[in-house]
Amino acid sequence: MSRTKKHPMPCQPVEERIKNFSEVALGYDEQTAIAEAKRCIQCKNPRCVQGCPVGIDIPQFIQKIAEGDFESSIEILKSKNSLPAICGRVCPQEDQCEKLCVVGIKNEPVAIGRLERFVADWERVNVKPKGKQVTEGKKVAVVGSGPAGLTCAGELAKMGYKVTIFEAFHQPGGVLMYGIPEFRLPKKIVEEEINSLLDLGVELKTNVVIGQTITIEELFAEGYEAVFIGSGAGLPYFLNIPGENLNGVYSANEFLTRVNLMRAYLHPDWHTPIKVGKKVAVVGAGNVAMDAARTAKRLGAEEVYIVYRRSEEEMPAREEEVHHAKEEGIIFKLLTNPVEILGNEEGWVTGLKCIKMELGEPDSSGRRRPIPVEGSEFQLDVDGVIIAVGQGPNPLIPRSTPSLETSKWGNIIADEMTGKTSMEGVFAGGDVVTGAATVIKAMGAGKNAAIAIDQYLKNKG
Amino acid sequence: MNKILEKKVLAPTLKQIVVNAPLIARKAKAGQFVILRVHERGERFPLTIADYDREKGTITLIFQEVGASTKLLGNLEVGDVILDLVGPLGKATKHPHAKRVVCIGGGVGVAPVYPEAKELYENGVEVISIIGARNKDLLFYVDEMKKVSKELYITTDDGSAGRKGFVTDALKDLILSGMEIDCVIAIGPMPMMKAVSNLTKEYGIYTIVSLNSLMVDGTGMCGGCRVTIGNEVKFACIDGPAFEAHSIDFDEQMRRLRMYQEEEKLVDCKCGEAEKNVEN
Ligand SMILES: Cc1cc2nc3c(=O)[nH]c(=O)nc-3n(C[C@H](O)[C@H](O)[C@H](O)COP(=O)(O)OP(=O)(O)OC[C@H]3O[C@@H](n4cnc5c(N)ncnc54)[C@H](O)[C@@H]3O)c2cc1C
Ligand SMILES: Cc1cc2nc3c(=O)[nH]c(=O)nc-3n(C[C@H](O)[C@H](O)[C@H](O)COP(=O)(O)OP(=O)(O)OC[C@H]3O[C@@H](n4cnc5c(N)ncnc54)[C@H](O)[C@@H]3O)c2cc1C
Ligand code: SF4
Ligand code: SF4
Ligand code: FES
Ligand SMILES: [Mg+2]
């Protein structure tokens, strides 16, 4: 086995996996994990750790894997990251820990994410859950059960607070449950990882929409002494081009929620329906777009396009997702911008009118600005369109909480380090503050807010 | 929570249930709705809060069994528990300052128009009501509507009760009789709301309808309930469901409601019978 490259991740063969929703990446076995762990040179000043938003002691947990002491390894991991089976699977490692790994200077970096996943999976099979703990401290309310809310709740419970999570949906997990597909993040793993977090003594109330069922002010009236808002960025953006309300046009949020949370891929056994065309265009090139495209393929679409106005270099998706999408035959139409969705008389989608783009000078995001090439319009014949061009924060909480300051895009304004908002006792973090970002950043924000909430409640006496 | 306390069969496929839901009852206002899930593998679907009792902590739902989800709900009996129930969702209907309002309910739309009429009546507004159904067996809430209305008109398609014809016929009579109408609130099937809207537009009468768009989450997260109003796109679940009627693209809404017609036929609604949820 070459020492210059990561040990490859065993995967389901392409021909099979595009016909099912089972996980694509199968995970290392013990031998491979130990061999990969030995590629880490155990730096004295490990640069990788600086790239991890929650500061996992990466060399230490890898060292324990190399020694075959998986139980110690998971302890080290869990002291900093309560959802390792999830992060090992979905972190954009190439931009975080692995980006800074010294082995990566000359060769491929150590496969930190795969190793994290390996130990977390090992624990789920081999270590018995401890059972539900009970906490009796001051009451804290957490809004939303995505990675930010879950982490904040878990940390506070460990400190002895009596935490209640309020979740709008009938199941906890946020994007982990309704957004990221089964074939990339099995829902059973999400459920197990959430359960072990709730076992720390956190109470979960599903089917409660804060701002509608109960307002933030009313939470205080009910005896909660602090509130953490981790309500995410769930409001789908559209393109505002003609034809967007035709039948057969979805937001990626709706498409993925129907398939993941509501299991429409098992229709009619599960009751929520979904429509997938024979030819589907997905607009956008982030993780959400890749997930939507690969999902459409699995639901039987014969041709699936990614339509993106910039070039490959600017695509925001994780490397692995783009790689898998290409393997699965997703067709990339880059430097292409949709201008109109075309429909037939009955109001169903029949095509996507696009224009070619070229890259000009860098814009405010530092990426080269795409400019339309005059006269280059063309039509893609499709009968399904999925819009995956980003999400903003949901307005229900700001609308019902006038004293909570928000930005002009509707994000809750909160201190970067502590999550403190303009309202006394109210903290916020994750996508609702930053806009759509990553699982591990949301977890980092949840953790920092937990520390700040503890401080606040101690000072309050 | 979510236990069914009362059940009434209003007509063979039209049912009314009273559900224990204190958190929802405490907040509910006319115009708001809930989203339910009745089965482990079931879909999320919306129903209007037809009535509520804040003291008892209950809400009333009235529904027409049209497909799998509503049939599964209809199969539940007193003592059974609704698996998931979330609300109140949507905005409370904003009534304009008005002396006289005509409230129109078509079919099962009488259920959502009743709380509107009741609230207006309690605020001292004169309510004139028109309720319409295909035939007299499908009429319900006649007494309830009478209590809150100064005048009540009934129309049936076949003439088996009240005036033969549509609710728009009765409305047109009122308009032509010279009655001063400040506002019309019309709730019912999309084609009915469209017809009312077209009529009142002609006479320049301010009109509110409540849209029954396709919904999944009901919290603004999926965009499935989007509706074109003038030049704007709104989400019916968080911006509505009630909207001023005259610039709504009703044809788009009717078309969107047909999106899953074929798929909906495939769902077997018997699946729930063996595995009801009993409160433990
Ligand atoms: C399809 C998709 C794929 C992605 N892939 C990746 C990836 O590979 N790697 C990665 O790092 N990141 C990925 N992301 C981004 C990542 O999932 C998010 O950044 C992260 O989940 C944000 O966490 P959060 O806790 O802030 O919010 P969310 O995960 O959005 O959770 C918010 C929760 O709050 C609930 N809520 C909202 N409003 C209310 C309310 N008023 N009352 C009660 N509850 C409420 C919501 O229902 C939800 O459960 C992806 C996102 C999507 C959509
Ligand atoms: C805000 C709102 C309030 C409503 N209030 C009431 C009410 O008080 N009483 C009542 O009887 N009905 C009400 N409806 C309609 C009710 O939600 C549908 O009849 C029900 O969802 C049908 O589901 P099904 O599985 O039984 O039938 P299906 O056979 O699946 O569908 C029959 C038809 O119902 C519509 N429909 C299906 N799924 C949905 C969905 N998820 N959301 C909205 N419409 C859908 C479609 O037009 C479909 O063709 C309301 C709808 C909305 C949006
Ligand atoms: S949590 Fe993410 S960034 Fe941190 S070590 Fe694990 S994979 Fe890397
Ligand atoms: S930088 Fe790379 S080699 Fe060094 S400790 Fe971290 S993972 Fe190991
Ligand atoms: S139902 Fe999903 S946004 Fe309205
Ligand atoms: Mg249905």
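Visitor: Which polar side-chain atom lies 2.4 Å from an oxygen atom of ligand 2?

Guide: One belonging to B:Thr70. Keep in mind that this is a predicted model.

Visitor: What is the distance from the polar side-chain atom of B:Glu43 to an oxygen atom of ligand 2?

Guide: 2.9 Å. For B:Gly67 a polar backbone atom takes part, at 3.2 Å from an oxygen of ligand 2. Both values are within 3.5 Å, so both pairs pass.

Visitor: How many residues are around ligand 2, and which come nearest?

Guide: There are 23. The nearest are B:Glu43, B:Pro46, B:Ile62, B:Gln64 and B:Thr70.

Visitor: Why is the shell of ligand 4 called nonpolar?

Guide: Look at its members: A:Cys40, A:Ile41, A:Cys43, A:Pro46, A:Cys48, A:Pro59, A:Cys101, A:Val102, A:Val103 and A:Ile112. Cys, Ile, Pro and Val count as nonpolar, so the division is 10 nonpolar, no polar and no charged.

Visitor: How does the shell around ligand 3 divide?

Guide: Into nine nonpolar, three polar and one charged. The shell holds 13 residues, with A:Cys52, A:Cys91, A:Gln96, A:Cys97 and A:Glu116 the closest. Glu counts as charged, so A:Glu116 belongs to that class.

Visitor: Which domains does the assignment give for chain B?

Guide: Domain 1 covers 3–89 and domain 2 covers 100–257. Their centres, taken over C-alpha atoms, are 21 Å apart. Each domain brings 19 residues to the contact.

Visitor: How much area do domain 1 and domain 2 of chain B bury between them?

Guide: About 1600 Å², with 62% of it on carbon and sulfur atoms. On the domain 1 side, B:Ala30, B:Phe33 and B:Ile62 supply 25% of the area buried against domain 2, more than any other three residues.

Visitor: How do you know that B:Lys118 and B:Asp51 form a salt bridge?

Guide: The cut-off is 4 Å, from a side-chain nitrogen of Lys or Arg to a carboxyl oxygen of Asp or Glu. The closest N and O atoms of B:Lys118 and B:Asp51 are 2.9 Å apart, so the label holds. The count between the two domains of chain B is one salt bridge. Residue pairs in polar contact between these domains number four.

Visitor: Which strand gives the most to the side of domain 1 of chain B that touches domain 2?

Guide: β6(B), with four residues. By class, that side has 12 nonpolar, five polar and two charged residues.

Visitor: What sets the bond from B:Gly87 to B:Pro88 apart?

Guide: That peptide bond is cis, with omega near -10°. B:Pro88 sits in strand β7 of chain B. Another cis bond joins B:Gly240 and B:Pro241, where omega is about 10°. B:Pro241 is in the loop between α7 and β16 of chain B.

Terms used:
Residues numbered from 1 in each chain as written. Chains lettered and ligands numbered in written order. Predicted model: local features only at pLDDT ≥ 70, side-chain atom pairs only at ≥ 80, totals over all residues. Heavy atoms only, no water. Near = heavy atom within 4 Å. Domains from an automatic or database assignment. Contact = heavy atoms within 4.5 Å. Buried area = accessible area lost by both parts, 1.4 Å probe. Polar contact = N/O pair within 3.5 Å; in protein donor to acceptor, adjacent residues only side chain to side chain. Helix = DSSP H or I, 4+ residues; strand = E, 2+ residues; numbered from the N terminus.
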